[in-house]
Amino acid sequence: MRLYGPINEKYEEFASYAEDSPCLQSWAYGVAADSEIQEWLSTLPEPKQQPNLVFAAARWHGLDAPAPYEALREALLTDDGRIRATILARATQTNEAGRMATLLPAIAHAAGGRPVALLEAGASAGLCLYPDRWGYRWSTADGIRTAGPAAPTLHCEVTGPAPLPDAVPTVGWRGGIDLNPLDVTSEDHMSWLLTLVWPEHEDRRAQLATAIEVARPDPPDLRRGDLVELLPALVDEAGQAVGPDGVVVVFHSAVIAYLDDGARTAFADLMAGLVAAGRCRWVSNEGPNVLKGVTATGPMPPTGQFVLGLDGRSVGHTHGHGRTLHWW
């Protein structure tokens, strides 16, 4: 999703991803056509103009949702400063546990049966670092495929020849990097994450609450800082932790969109170099306009889908909340 560029374009693009939230889609289209609200948003730093952050901040301060666009409009135009302060102080940092169902086939394929060190770029609270603590139920043209424990379980519709694993990889180390890592033991941090879940999605809200409980007894090793600066050393640290018989897998999902074009290029170049040197494998899951070099190696995905990449090459496309996976 676009974080830089004209406000109306950012909100129109968000609306294409929000088809399964009639409320947020209508809000996004409303903003895209409302010059007065765009003027209000233009006073924010550009990265803070992103739809999900603005919508969540309004809801954090009492806007009930689902609600018509006029309710959002009134909340923003009559803001006494609290919504703006929340937008400036917080970030989206969503932790979509359902994405593990679409990421795990690529991670397991990269692991090749070896123990894995999972390193998440843009980890937020690190809730997606626990794929081994979940069960999976993939619906395919040939029937149901399962892996992992019986519960909790993630469900996903799969098309194409995806390399669905029969078992979840052994995770020997798990950690991540974030500019503002969230504490899974903090009620304030986790309440904000729950607010970021789209209004109609009670199933996702319940799934997120489960993911929090999965992670809380054993919080992940999260480092605060810049991805490009910290990744090389942390890749090596993860490799030492998992040993010569293991493999480091760096992964990220809906994260690199938050970087400007220069930083995106630097990140892609860094990851390509780490992969070429045999220091890690790389699983990416981003919008088609984010890592254009990855997108260019495969067919363009349907509107609103993420490009799933492995080692810099497109291998398929995914639903942003992990509901579907198509493998080329």
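Predicted model: local features only at pLDDT ≥ 70, side-chain atom pairs only at ≥ 80, totals over all residues.

**Entry 1: cavities.** I found three cavities of 30 Å³ or more. A handy reminder for myself: rolling a probe the size of a water molecule over the atoms shows where empty space is left. The largest cavity holds about 90 Å³ of space.

Entry 2: Which residues line the largest cavity? I wrote down Thr94, Asn95, Glu96 and Ala97, then Leu193, Leu196 and Val197, and finally Arg204, Gln207 and Leu208. Next I sorted the lining by type, and got five nonpolar, three polar and two charged residues.

**Entry 3: the helices.** I checked which helices supply at least two residues each to this lining, and noted helix H8 (187–196) and helix H9 (202–215). Which helix gives the most to the lining? That is H9, with three residues.

**Entry 4: cysteines.** A disulfide is a covalent bond between the sulfur atoms of two cysteines. How many disulfides did I count here? The count came to zero. I followed up on Cys280, which is in no disulfide. Its nearest cysteine sulfur belongs to Cys128 and lies 18 Å away, whereas a disulfide needs the two sulfur atoms within 2.5 Å.

**Entry 5: buried or exposed?** I looked up Cys280 again and read 4% relative accessibility, so Cys280 counts as buried. Cys23 has 3% relative accessibility, so Cys23 counts as buried too. The cut-off I used for buried is under 20%.

Conventions
Residues numbered from 1 in each chain as written. Heavy atoms only, no water. 1 Å grid on protein atoms, 1.4 Å probe; cavity = no way out; pocket = protein on both sides within 12 Å on 5 of 7 lines; lining within 4 Å. Points joined across faces, edges and corners; volume = space filled by probe spheres on them. Helix = DSSP H or I, 4+ residues; strand = E, 2+ residues; numbered from the N terminus. Nonpolar A, V, L, I, M, F, W, Y, C, P; charged D, E, K, R; others polar. Buried < 20%, exposed > 50% of the residue type's maximum accessible area, 1.4 Å probe, protein only.
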